[in-house]
Amino acid sequence: MSEPRIDAERFLGRLDAFARIGATPKGGVNRQALSPEDRRARRLLAELGQARGFGPGQDAIANLFIRREGKDNSRPRVLIGSHLDSQLTGGRFDGALGTLAAFEVLEALEDAGAETPFPVEAVAWTNEEGSHYQPGCMGSMAFASGSIPEQWTSLRGHDGSLFADELQATLEALPEAATRPLGFPIAAYLELHIEQGPSLESENIPIGIVEGIQGTRWLEVEITGQSAHAGTTALGLRRDAMAAAVRGLDRLYAEIMPRDARARFTVGRLAVERGAVNAIPEKICFTIDLRHPESAVLDRLETFIRSTLAEAAAGCGCASTLRRTFDMPPTVFSSLLLERLNEAADSLGLASKSMLSGAFHDALFVNRVAPTAMIFVPCRDGLSHNEAEYVEPDQAVAGAQMLLASTLTVLDN
Ligand code: GLV
Ligand code: MN
Ligand code: MN
Ligand code: MN
């Protein structure tokens, strides 16, 4: 057996090939979960695996596993991977980098004729982004809990498509994949990802060793007033849902992030129900993405958001309701694996730093059932969830080398 090595040209070529699936005119990708583009990407990955003798498998939520057998195939496998779905106007590296690097690790092991003590599998988790169907991380969440929540079956995407139908069609699009149980014992999970923020680039450090992920909550807000004539309704008679939303949000923007540098507050979607130029809006619906490394602070901020919006609504003769649609508590990764990752970076002579992830990832859920860790590489200007997202080729390759070295140290221990 020779020393397993990343084939940089092959790996970068794969990144290009997958970036063509759902390519957008501005250089990004639109490969929404369970869409025809997502299915094409899954098929390509499955076919590439089959060409190397790695069998594909799918579970009931369409997580795709590409398996390279080990010496003792009855032992729990090491999983490495990420996701292939993207934001509507996403970048070509978010998810694809880690998934294709995981596949490259399998190929590098195969090229070297390496016999691993147990199987190693590359995984592409279903709907990490949560931009087609909410919540995000559906695949890893279902894997970790061993079940698909009942309410997901009736979910509709922003385009009106039914989640259950698209899931079924996606499963059927890969009939050759073996059926896997939802959730099975694994020895460890490693995920390579772009940082999606500026710190590695600004400090000129090629590798981030991710200690944990901050908590995220998604809230759906409805502010309801009364539709009335724009020209005839005097101020005192208005129950203007827009005025209430603007006042409430103005206060939240002023109070949350400016007072806590670690807090993140984003209103990414806002709709005026039955909007008309000349009618007072009856209903405003919007989403809130709230993040913080501490659960207690998330609780406090959510309470503050509820009371601020209720107060703003009442002040305008309106009512507000707030529904939590997603709750990911902060996560701390396995200290044992982090040690292994540090050893791997040292062995490659790559400078690294420990850091927290601002974005959520499938690793958050997998960490509930097995030792898990993540590796970050820098992205240009820290930009992600944007078609201009870019990773320098040698930094992408360094990430894949780090994933390979980390996988080998995990297999050895
Ligand atoms: C997912 O990509 C997120 O962190 O929003
Ligand atoms: Mn991602
Ligand atoms: Mn993303
Ligand atoms: Mn993410």
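A residue is buried if 20 or more other C-beta atoms lie within 10 Å of its own, exposed if 12 or fewer, and partly exposed in between, with C-beta atoms placed from the backbone. This is a predicted model, in which local features need pLDDT of at least 70, side-chain atom pairs count only at pLDDT 80 or more, and totals for chains, interfaces and linings use all residues. Residues are numbered from 1 along each chain as its sequence is written, while chains are lettered from A and ligands numbered from 1 in the order in which they are written.

**Stop 1: Thr-321**

Select Thr-321. It sits in strand E12, residues 319-328. Helices (H or I, at least four residues) and strands (E, at least two) are DSSP runs, numbered from the N terminus. Thr-321 has 14 other C-beta atoms within 10 Å, so it is partly exposed.

**Stop 2: H7 and H8**

Select H7 (residues 241-255) and H8 (residues 295-315). Their axes come within 8 Å and cross at roughly 145°. Axes here are lines fitted to C-alpha atoms, for helices over the stretch in contact, and angles run from 0 to 180 degrees between N-to-C directions. The crossing of H7 past H8 is right-handed.

Show the side chains. Ala, Val, Leu, Ile, Met, Phe, Trp, Tyr, Cys and Pro count as nonpolar, Asp, Glu, Lys and Arg as charged, and the others, Gly among them, as polar.

**Stop 3: helix H5**

Move to H5, residues 163-172. Its buried residues are Phe-163, Glu-166, Leu-167 and Thr-170. They lie on the same side of H5, because they cover an arc of only 105° around the axis. The arc is taken from the directions from the helix axis to the C-beta atoms. What do they pack against? Select helix H2 (36-51) to see the partner. Then turn to the face away from the buried side: Asp-165 and Glu-172 are exposed there.

**Stop 4: the loop from E4 to H4**

Find the loop between strand E4 (120-125) and helix H4 (138-145), which holds Pro-135. Asn-127 is in this loop too. Most residues other than glycine have a negative phi, and most peptide bonds are trans. Asn-127 has a positive phi of about 50°. It has 32 other C-beta atoms within 10 Å, so it is buried. Further along, the peptide bond from Gln-134 to Pro-135 is cis, with omega near 10°.

**Stop 5: Gln-196**

Go to the loop between strand E6 (186-194) and helix H6 (199-203), and select Gln-196. Its phi is positive, about 70°, although it is not a glycine. With 20 other C-beta atoms within 10 Å, Gln-196 is buried.

**Stop 6: ligand 1**

Finish at ligand 1. The residues around it (C-beta atom, placed from the backbone, within 6 Å) are Glu-129, Gly-136, Ala-359 and Phe-360. Two are nonpolar, one is polar and one is charged.

Note on methods: Two residues are in contact if their C-beta atoms, placed from the backbone, lie within 7 Å. A crossing is left-handed if the near helix is turned anticlockwise from the far one by less than a right angle, and right-handed if clockwise.
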